[in-house]
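The following paragraphs lead the reader through selected features of one structure. Please keep the sequence and the model in view while reading.

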Amino acid sequence: MLKYLKILLYPFSLLYGLVMWIRNRFYDKGLLTAVEFDIPTIAAGNLSVGGTGKTPHVEYLIRLLKDTFRVATLSRGYNRRTSGYILADEHSTAADIGDEPMQFHEKFPEISVCVGEERMLAIPQLLGDEPGTQVVLLDDAFQHRSIKPGMNILITDYRRRFTRDHVVPFGRLREGRKGYMRADCIIVSKCPPDLSVAEKQAIEKEISPLPHQRLFFTTLQYGALYDMITRQPVEIPASATVLLACGIARPEPLLEALKNRFSQVFLLSFPDHYYYSEKDIANIGKELNDLPGKDKIVITTEKDAVRLHLLKKELAEQNLQLAVMPVEISFLFGEADSFNNFIFDYVGRHLPVPGQ
């Protein structure tokens with residue numbers, strides 16, 4: 001049945017793909033104007049509707065640059081309960097600025113984090129609020145062509161590479177595959193940590209990067225669990241029963257990682273960017289109590305944690321402890337230094353010269 005439904009959706013994919021092709025051609029020909037800025041701007045995004053691991057890649061860029069340059073991030077603030085330009089401060093919540101920007105704000109308080117649907121208007125506002133900003137990281141901005149970034153980083157999931165996908169609603173691409181040509185750098189994310197050289201070469205041939213494009217491969221690395229409220233480390237025995245409660249696009253890699261650590265793991269999945277309710281908290285508690293075993297705990301993601309913080313009172317009333325699983329990315333084949341130099345070289349060449 002699903003197969004036939006997808007076939008029926010194919011004409012809509014063709015129509016949507018045509019609309020996006022025309023839009024992109026207008027930008028390519030200068031019929032639609034893209035704004036450039038005088039400071040280094042790096043866009044990290046994807047061609048698909050989500051689940052490529054973009055957020056840990058943006059965090060990698062933050063860690064890479066923040067000790068040398070004054071860094072800011074600009075996101076749309078997807079699914080937030082506000083609108084317009086907002087610069088995060090000590091009173092901001094996920095409801096104000098969105099879950100991913102809030103995650104950046106909590107983890108990297110030394111950088112500027114802002115949101116704004118109209119990025120071409122938000123950057124001047126950001127530079128007015130934070131005039132010392134030297135580098136702007138544009139989160140999920142690959143399709144937002146009203147800004148022409150100095151560097152475009154395209155991230156594609158190892159298991160769902162754009163080369164094998166189709167435009168929505170038949171597939172998961174937000175535009176045609178040829179959109180990859182705008183990228184300066186392509187990252188194949190969520191690779192197996194033991195990806196072979198032979199498979200790497202096969203993927204390189206499949207993607208066929210253009211002469212100016214760099215291609216890298218990354219894998220996910222899950223860190224030590226910590227308590228969502230106290231942020232203190234949490235020690236959980238391998239024999240424990242775990243309930244993974246999360247609202248992310250693709251929980252499968254995290255679920256697999258937990259199954260490698262613990263004897264019994266169960267999934268309670270919510271939609272991506274989901275805002276939890278009091279009823280959800282009660283349901284999580286009930287699901288945990290109904291699971292087998294003596295040692296039981298709920299684990300969630302950092303992105304979910306900033307949304308769950310809105311219900312700290314309800315969690316306390318349920319006496320429900322949540323452990324958070326952090327995630328970072330690691331470059332395969334010893335290419336971290338090559339990527340780092342690639343980024344530093346771009347930023348160094350495009351920093352404004354003082355006095356000019």
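Phenylalanine 333 lies in the loop between strand E14 (327-331) and H11; helices (H or I, at least four residues) and strands (E, at least two) are DSSP runs, numbered from the N terminus. This is a predicted model, in which local features need pLDDT of at least 70 and side-chain atom pairs count only at pLDDT 80 or more, while totals for chains, interfaces and linings use all residues. Residues are numbered from 1 along each chain as its sequence is written, and side-chain values use heavy atoms, with hydrogens and water left out.

The phi of phenylalanine 333 is near 60°, a positive value in a residue other than glycine. Most residues other than glycine have a negative phi, and most peptide bonds are trans. Phenylalanine 333 has a relative accessible area of 32% and is therefore partly exposed; buried means under 20% relative accessible area, exposed over 50%, and partly exposed in between (1.4 Å probe, protein chains only). Over the ring of phenylalanine 333 sits the charged end of lysine 200, 5.3 Å from the ring centre. A charge sits over a ring if NZ of Lys or CZ of Arg is within 6 Å of the ring centre and within 35 degrees of the ring normal.

Proline 169 is located in the loop between strand E6 (151-157) and strand E7 (185-189).

The discussion now turns to aromatic rings. The structure holds eleven aromatic pairs. Rings of Phe, Tyr and Trp (its six-membered ring) pair if their centres lie within 6.5 Å; planes under 30 degrees apart count as stacked, over 60 as edge-to-face and the rest as tilted. One of the pairs joins phenylalanine 69 and phenylalanine 344, and it is tilted because the planes stand at 40°, with the ring centres 6.1 Å apart. Phenylalanine 69 lies in the loop between helix H2 (54-65) and strand E2 (71-75) and phenylalanine 344 in helix H11 (residues 336-350), so this pair ties together parts that are 275 residues apart in sequence. Phenylalanine 69 is buried at 12% relative accessible area, whereas phenylalanine 344 is partly exposed at 28%.

Phenylalanine 216 and phenylalanine 339 form an edge-to-face pair, 5.3 Å centre to centre with 85° between the planes. This pair also links distant parts of the chain, since phenylalanine 216 is in strand E8 (residues 214-222) and phenylalanine 339 in helix H11, 123 residues apart. Phenylalanine 216 is buried at 1% relative accessibility, and phenylalanine 339 is buried at 2%. Together with Tyr60 and Phe331, Phe216 and Phe339 form one aromatic cluster.

Finally, cysteines may be considered. The structure holds zero disulfides, a disulfide being a pair of cysteine sulfur atoms within 2.5 Å. Cysteine 114 is buried, with a relative accessible area of 1%, and cysteine 246 is buried with 0%.
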